[in-house]
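Here are some notes to read alongside the model, written as numbered points. Please keep the sequence and the structure open while you go through them.

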Amino acid sequence: MRRFRQLQAWRRHVFTVLLVAIISACSDTVVLGDGVLAPEVPRQWAIDAPAFPMGEFRLAPRAGYDITAKVLSKRQYRWDDLAAVAPWDFALGWGPLSDEAVLRPIKVAQGDRFMFWHLYDAPINIDFVNLSSANIHLIPANDSVLRQISETPQGAIVHLTGELVDVHFPDNRVIPSSLTRRDRGPGACEILLVQTITVRQPDPEKSITAAL
């Protein structure tokens, strides 16, 4: 009887741990319903600004950047070359790729600083996907920006402003930011120094704007 009770207690404990894990996972994703929620394409404009230090790196601004998009996926990196300056990537979609009806049959994944698409039977082709999405390496300008990046749920509509930058390493290596939506593969990701971040949906009245 004692062993049976111990087994029952162990099962309750495992169930509780799994339930907490499931609730935590679910709380990191929001579903906003059908309809285009981020219709505008990202705005980008040339800037002329000197490079500046950030930690052991130097950042060379290339363009101003303003984007409102749906967070299709988010991924934290801790161990690669960029992790010390850009610990998070957001996979962002705008236009039709901010519409749950279009996204429903689509699977988006991230890994090794890339974004991966599985379109299945989605009524959209990969060329249009490439023009309406971006995998962005995010450099937080300060701790409040970093906190809001980490707390932004997958599925949210988010507004980011800042500068696209090339990252110069102490050993003279350079990782350049993409400056076009038409490239693919290695080097096609934007590197964004995030100066402001605002969650537009859900609950815009409760969202936090983190700024310089």
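1. In the hairpin of strand 5 and strand 6, which residue takes a positive phi? In this hairpin, which has two residues between the strands, aspartate 112 takes a positive phi near 55°. Helices and strands here are DSSP runs, numbered from the N terminus, with at least four residues (H or I) for a helix and at least two (E) for a strand.

2. Before going further, please note that this is a predicted model, in which local features need pLDDT of at least 70 and side-chain atom pairs count only at pLDDT 80 or more, while totals for chains, interfaces and linings use all residues. Residues are numbered from 1 along each chain as its sequence is written, and side-chain values use heavy atoms, with hydrogens and water left out.

3. As an overview, the secondary structure of the protein chain comes to four helices and 11 strands. Of its 212 residues, 43% are buried, where buried means under 20% relative accessible area, exposed means over 50%, and partly exposed lies in between (1.4 Å probe, protein chains only). Among contacts (heavy atoms within 4.5 Å) with a separation of 6 or more, 69% are between residues 24 or more positions apart.

4. Alanine 109 has phenylalanine 116 of strand 6 as its bridge partner. In a regular strand the side chains alternate between the two faces of the sheet.

5. Examples of bridge partners are serine 73 with alanine 91 of strand 4, and tryptophan 88 with leucine 138 of strand 7.

6. How many aromatic pairs does a search of the whole structure find? The search finds two, where rings of Phe, Tyr and Trp (its six-membered ring) pair if their centres lie within 6.5 Å, and planes under 30 degrees apart count as stacked, over 60 as edge-to-face and the rest as tilted. Phenylalanine 57 and phenylalanine 169 form an edge-to-face pair, 5.2 Å centre to centre with 80° between the planes. Phenylalanine 57 lies in strand 3 and phenylalanine 169 in the loop between strand 8 (157-168) and strand 9 (174-175), so the pair ties together parts that are 112 residues apart in sequence. Both phenylalanine 57 and phenylalanine 169 are buried. The pair of phenylalanine 114 and phenylalanine 116 is tilted, 6.4 Å centre to centre with 45° between the planes; phenylalanine 114 is partly exposed at 33% relative accessibility, and phenylalanine 116 is partly exposed at 40%.

7. Charged ends also sit over rings, which requires NZ of Lys or CZ of Arg within 6 Å of the ring centre and within 35 degrees of the ring normal. The charged end of lysine 74 sits over the ring of tryptophan 88, 4.5 Å from its centre, and that of arginine 173 sits over the ring of phenylalanine 169, 4.2 Å from its centre.

8. The largest nonpolar core has 21 residues, and Leu92 and Leu160 have the most contacts inside it; such a core is a set of buried Ala, Val, Leu, Ile, Met, Phe, Trp, Tyr and Cys residues joined through side-chain atoms within 4.5 Å. Strand 3 gives the most to this core, with five residues. Leaving out residues up to four places away in sequence, leucine 160 touches residues including Tyr65, Ile67, Leu92 and Leu138. A second, separate core of 13 residues includes Leu103, Val108, Trp117 and Leu119.

How values were computed. Two strands pair if DSSP finds at least two bridges between them.
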